[in-house]
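Dear colleague,

I am passing on the structure below, together with my notes on what the computed analysis turned up. Please read them beside the coordinates and tell me if anything looks out of place.

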Amino acid sequence: MKITLTVNGDAYALDIEPRRILADVLREDCELTGTHLGCEHGVCGACTVLVDNAPVRSCLMLAVQCDGKSVRTAEGLAGPDGEPHPVQRAFSAERALQCGFCTPGFLMVAAAALEADPAMGEDPERVHSVVASNICRCTGYEPIRRAIVRASNEMTAPPAR
Amino acid sequence: MKPPSFDYVVPRTLPEVLEALADPRPDVRVLAGGQSLILEMHLERIRPDLVVDINQVPGLDGLRVSGGGPGGSGAESRGSVEIGALVRHGAFESAAAVPGPLGTLFSLAVDNIAHPPIRNRGTMVGSLAWAHPASEWCAIAVALDADIQLKGPDGDRSVPARDWFLGTFETARRPGELITAVRFPLLGPDTRVGFIEHRRTHFCFAMVAVAAALTVRDGVVEQARIGLVNCGDRPLRARNAERALTGAPVGSLGSGYRLPDSHPFVRAGRIAAEDDADPIAGPYADLEYLRHAIAVVVGRTLRQAAEGVSR
């Protein structure tokens, strides 16, 4: 089946079987391996990407369902000049990863929440609910929470002179 | 595992959906949110011949309130809300999505349904179609007398939730039918609601969950509705517990963490666990534990409703 996926602003014209999940098509056909596949059950959240700006599990969506839609992956977080997204800088500063397998998924849920409301880091419950969507077996989640709060502070700070 | 091959169509209108669903092959599936279907396809427990993706059909994503108005009393005049087949779980995170206490009950329940990325895709109607015994929406539909609305080869029909669930993953849906919406009667302003879920970890399905809608007048329970999640092979309504509560004095709830054994809510919990529930023992919970948990969660949910939850 012929579809057009727009991933991180680039259009990909693909001819794929309906049975293929979005995560596999991103990794194998678009060669964007930043999206990781963990459980393939919708539980772990490593494969989370944004479809039309909403976080979804790319293991529980068929690629053909995204025909004509806009997909954003971890590769699409940095700015056009290569400058990392505030949430990426904050993950680095707070050491919010160890093995890094779950990181793309956490970055996407955090980026979506912060871009929808940059001040969400002020409310520990909202930070908790973002972090609770995904599984990380290294960090114990605390550094990830701190990173989201740090990114939120940066994104709401008045611009420097 | 990866899903095996299947045919896939994306109809643009309801007649096109019905035409696709009339396909004579044995396993034709409707894809709405896909958060259960695609998982089951990964596991190859479902190997569809044809998947009918309804996401491009206009008009199925509506949440319509009809009837009702200030000063109304009685079920008829309170009106109802019709929730289309493509309304995602996430729509109910805001208690204001649905008027009155029903919106509060939905928002309490939806916190327990997976996680925000899943709630962005999964739908309430999809849960009713899938009929998992641990589904929050299914028990609420049974407790509140929702109606499931269908379109099929023989026209439109509507099935009351109490006749809808025939067993685990079994419903009254006939071949070729599409659930277009579910209709809930709205709850009056004097009804209070509660929803409490008990599970092993944040990532687990409900071990036991309870939905309650309670109308208390002059300190006496006038009407109680109790829905039991994962307390049997299908969603259940705790009718014996409801009957025992009707006319019972709520009394003082105090501030202690536990109500006395003689309190009507505690009694109702015991009745629900013994006479209404039909739990199935699992690897982490035997029947004695499950009946105990059901009694406790029913009692706590009734107390939460009586004390009132603000959202």
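The largest nonpolar core has 144 residues, and the members that touch the most others are A:Ala110, B:Leu128, B:Leu228, B:Ala272, B:Ile294 and B:Val298; such a core is a set of buried Ala, Val, Leu, Ile, Met, Phe, Trp, Tyr and Cys residues joined through C-beta atoms within 7 Å. Helix H3 of chain A, residues 103–116, gives the most to this core, with nine residues; helices here are DSSP runs of H or I of at least four residues, and strands are runs of E of at least two, both numbered from the N terminus. Apart from neighbours within four places in sequence, B:Leu128 is in contact with B:Trp137, B:Cys138, B:Ala141, B:Ile148, B:Ile179 and B:Val182, contact being defined as C-beta atoms, placed from the backbone, that lie within 7 Å.

This is a predicted model, in which local features need pLDDT of at least 70 and side-chain atom pairs count only at pLDDT 80 or more, while totals for chains, interfaces and linings use all residues. Residues are numbered from 1 along each chain as its sequence is written, and chains are lettered from A and ligands numbered from 1 in the order in which they are written.

Between the chains, the contact takes 23 residues from chain A and 22 residues from chain B. On the chain B side, helix H2 (37–42), strand S3 (50–53) and helix H5 (116–119) each supply at least two residues. By class, that side has eleven nonpolar, eight polar and three charged residues, where Ala, Val, Leu, Ile, Met, Phe, Trp, Tyr, Cys and Pro count as nonpolar, Asp, Glu, Lys and Arg as charged, and the others, Gly among them, as polar.

Chain A is divided into domain 1 (2–76) and domain 2 (86–156), with bounds that come from an automatic or database domain assignment. Their C-alpha centres lie 21 Å apart, and 14 residues of domain 1 are in contact with eleven residues of domain 2. S3(A) gives the largest share of the domain 1 side, three residues.

That strand, residues 48–51, runs antiparallel to S4(A), residues 54–57, and four bridges join the two, pairing being assigned when DSSP finds at least two bridges. A:Leu50 stands opposite A:Pro55, and in the hairpin turn, which has two residues between the strands, A:Asp52 has a positive phi of about 45°.

With best wishes

Notes:
Contact = placed C-beta atoms within 7 Å. Buried ≥ 20, exposed ≤ 12 C-beta atoms within 10 Å, placed from the backbone.
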